[in-house]
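Subject: Structure handover

Hello,

I am passing the structure on to you, with notes on what was found in it. Please read the notes with the model open.

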Amino acid sequence: MSGIYKGVIRVAAFCIALIPVLAMAQDKSPKLSSTHIQIEPPEAGSVSIPAEFLFTGYERMIERVRHDGEFQKVFRSGDRDANGFPDLVVLRTKVSRFKEGNQLLRELLDLFGWTSLDVTATIEGRDGNVLFSQNLSGRVHFFGENLGVTNDLAKHIAKLLREKFQPAPAAAPAD
Amino acid sequence: MQSDALLFDSHKSQAKVAISAIDDILLGSETTQSGGTAGKVFKVAAMAAPYESGRFLSVLMWTKVDILTVLYRDEKGGVHSAVFEVPQGQAAGIRTQLIAAGAHATDPVEQAQKETKP
């Protein structure tokens with residue numbers, strides 16, 4: 001019986017030891033390389049969401065990604081200058097769930113009135129080929145306006161891009 | 001608003017947008033804290049009130065506002081948006097003025113449809 005226990009303990013110890021190794025292997029997956037990105041406004045899909053949330057999210061994504069300097073140039077949707085770059089990637093976001101909370105309720109009763117915005121962020125190449133796609137969420141739990149959810153989401157999107165892309169050489173802020 | 005342009009100025013940036021470059025004007029509403037900086041100071045001070053009564057004092061500072069979202073294009077075709085908070089009941093008037101001056105805008109019914117089914 002004690003032999004079975006020892007075996008189980010060894011297997012468990014092996015599995016636990018494997019966790020950081022797997023995590024490191026995941027971190028070392030090759031990063032994508034592109035120096036130009038175009039950001040499209042979030043699509044509402046079939047979700048009911050006020051326009052100000054979509055467009056505040058759009059502006060905040062642009063602001064965050066430019067601030068990070070991961071790309072040499074960050075283009076807005078529709079910018080004709082983006083056509084000249086063969087390595088251009090396009091960031092698209094589609095809302096999958098939106099719950100507009102209540103700021104007053106949040107401040108009065110901490111556990112109620114949260115605002116949340118879930119999206120699927122997709123990076124496409126110029127040819128429309130999907131390079132990767134990931135679900136992300138923005139939340140406002142305690143303080144701040146409901147629109148603050150777009151800021152939280154933009155932070156997560158900028159972080160995702162930092163993780164997935166190599167920093168562009170001689171990155172310069174774009175206008 | 002000038003005759004042919006919309007000027008706006010925030011702490012971070014200023015912009016002048018030709019009214020003809022405006023693609024859409026969308027209306028919304030929100031409940032927010034009134035009072036500006038003084039309101040924020042009051043709110044922080046209210047936190048010191050005993051038995052968390054400050055939370056309830058800040059209830060007095062809530063107000064409804066209209067949200068006006070203006071979408072426009074720059075000279076390269078890039079889409080920009082500006083979101084304004086205006087006193088309740090004023091957004092529709094501003095929208096009408098902008099449309100009269102030459103701005104493009106979708107019908108509020110179409111806007112409601114866009115927000116639910118794009």
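In chain B, 58% of the contacts between residues at least 6 apart in sequence join residues at least 24 apart; two residues are in contact if their C-beta atoms, placed from the backbone, lie within 7 Å. For chain A, residues 24 or more positions apart account for 67% of the contacts with a separation of 6 or more.

This is a predicted model, in which local features need pLDDT of at least 70 and side-chain atom pairs count only at pLDDT 80 or more, while totals for chains, interfaces and linings use all residues. Residues are numbered from 1 along each chain as its sequence is written, and chains are lettered from A and ligands numbered from 1 in the order in which they are written.

Chain B has four helices and five strands, and from the N terminus its elements run β-β-β-α-α-β-β-α-α. Helices (H or I, at least four residues) and strands (E, at least two) are DSSP runs, numbered from the N terminus. Chain A also comes to four helices and five strands, in the order α-β-α-β-β-α-β-β-α.

On burial, 16% of the 118 residues of chain B count as buried, and in chain A the figure is 32% of 175 residues. A residue is buried if 20 or more other C-beta atoms lie within 10 Å of its own, exposed if 12 or fewer, and partly exposed in between, with C-beta atoms placed from the backbone.

Chain A is assigned domain 1 (1-30) and domain 2 (34-164); such bounds come from an automatic or database domain assignment. The centres of these two domains of chain A, taken over C-alpha atoms, are 36 Å apart.

Between the chains, 27 residues of chain A are in contact with 25 residues of chain B. On the chain A side, helix 2 (51-68), strand 2 (73-76) and helix 3 (103-108) each supply at least two residues. Helix 2 of chain A gives the largest share, six residues. By class, this side of chain A has ten nonpolar, eight polar and nine charged residues. Ala, Val, Leu, Ile, Met, Phe, Trp, Tyr, Cys and Pro count as nonpolar, Asp, Glu, Lys and Arg as charged, and the others, Gly among them, as polar.

Helix 2 of chain A is mostly covered, with 13 of its 18 residues buried. At 1.5 Å a residue, helix 2 of chain A should span 26 Å, which agrees with the 26 Å between its end C-alpha atoms; the expected span is 1.5 Å times one less than the number of residues. After helix 2 of chain A comes Gly69(A), with a positive phi near 70 degrees.

Regards
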